[in-house]
Amino acid sequence: MPTMLKNRYIKAPDRGVDRVRPTNVLTDRQWLSLAWVRGGHGKLAPLPGYVKKITSGSVPTTAIVMLARFRKSDDLEYHFIADETDLYRWDPSLSQLTSLSGSLAAFTQNMDTAWAYTYFLDKFYIDAVNQGLYSSDGGDFVTVGGDTFAARAIFGFKNHLLAAGKNGDPLQLFWAADGTTTFTAAASNDANKVPLKEFSDLPQRFMQIGPDICVLYGQRCTNVITYIGGDAVFAQSNVSKRIGSLGPHGVLDLGFNRHFLVGFGDFYIFNGLDFKS
């Protein structure tokens, strides 16, 4: 299993100019290690070497993990990082770490809380059960108003914001109106909510696996969601009632339309159709 992952699916580290990897870039092996270590428990865990590379700005003194990274339409890249008390933004162009927790006064930083994040409409969104939806365009976080809500999983996909695991209504699939964060359905938009098909578990994470296909993993269930457009917008099918992700951080995109996931009692490769142990 390790040999197959190393040789077939994990790309070689980016060696950069003169085979020297930039200090602010995580290798694929570090990402995979992060997925294994966190496994879905939401616990903080050290990422070897990363803390030592931070030399300016707000320097945390406790172990940190990378939550997500995204590149905006203007090609600026941001990494969002958390430690035991704060959320940070890492600016690769400036090699500087900036604390953002001051703009999240209502958001309790707690890695044991189920929370999710995604890139949508050129912004970074973060959500958590019992809290709310916040966005950042690279600067401070702001509360997303309107009819948004807290959810265990969110995902920007095909110009729609998908959500599942809503507090009090966990087995519904929601999507906001095209190009908005408006989840209330109306005659003038395509927002909707539908029951999760044959899904009997708490949603853990969305992840794209093809141009028009994404996957929603539960702990012991997996549904494939396909963008079909028109009045229906999305279709879904259940592909497993026994295999899923141990938690929201137990899935890794290996590229080539394959996911690596940490399940209960086994590791799997999923290609959108079949699981391989």
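**Around Gln204, and out from there**

Setting aside neighbours within four places in sequence, Gln204 is in contact (heavy atoms within 4.5 Å) with Arg152, Ala153, Tyr217, Gly218, Gln219, Ser245, Gly247 and Pro248. This is a predicted model, in which local features need pLDDT of at least 70, side-chain atom pairs count only at pLDDT 80 or more, and totals for chains, interfaces and linings use all residues. Residues are numbered from 1 along each chain as its sequence is written, and side-chain values use heavy atoms, with hydrogens and water left out.

Gln204 has a relative accessible area of 4%, so it is buried; the label buried means under 20% relative accessible area, exposed means over 50%, and partly exposed covers what lies in between, with a 1.4 Å probe and protein chains only. Its side chain reaches the backbone oxygen of Leu202 at 3.3 Å, a polar contact (a pair of N or O atoms within 3.5 Å; within protein, one must be able to donate a hydrogen and the other to accept it, and residues adjacent in sequence count only if both atoms are side-chain atoms).

Gln204 belongs to strand E13, residues 203-210. Strands (E, at least two residues) and helices (H or I, at least four) are DSSP runs, numbered from the N terminus. Of the 8 residues of E13, 6 are buried, so the strand is largely enclosed by the rest of the structure. A hairpin of 2 residues takes the chain from E13 to E14. E14 spans residues 213-218 and runs antiparallel to E13, with 6 bridges joining them; two strands pair if DSSP finds at least two bridges between them. As one of these links, Met207 has Val215 in E14 as its bridge partner.

Stepping back, the protein has 2 helices and 20 strands. It counts 277 residues, 49% of them buried. Among contacts with a separation of 6 or more, 43% come from residues 24 or more positions apart.

The structure holds 16 aromatic pairs, where rings of Phe, Tyr and Trp (its six-membered ring) pair if their centres lie within 6.5 Å, and planes under 30 degrees apart count as stacked, over 60 as edge-to-face and the rest as tilted. Phe70 and Phe124 are stacked, because their ring centres are 5.8 Å apart and their planes are at 5 degrees. This pair links distant parts of the chain, with Phe70 in strand E1 (residues 65-71) and Phe124 in strand E6 (residues 123-128), 54 residues apart. Both Phe70 and Phe124 are buried. Ring pairs also tie Phe70, Tyr78, Phe80, Tyr117, Tyr119 and Phe124 into a cluster.

Elsewhere, the charged end of Arg220 sits over the ring of Phe264, 4.0 Å from its centre; for that label, NZ of Lys or CZ of Arg must be within 6 Å of the ring centre and within 35 degrees of the ring normal.

Asp122 is not a glycine, yet has a positive phi of about 65 degrees; it lies in the loop between strand E5 (115-120) and E6 and is partly exposed at 23% relative accessibility. Phe256, also not a glycine, has a positive phi of about 55 degrees. Phe256 sits in the loop between strand E17 (251-255) and strand E18 (258-263), and at 64% relative accessibility it counts as exposed.
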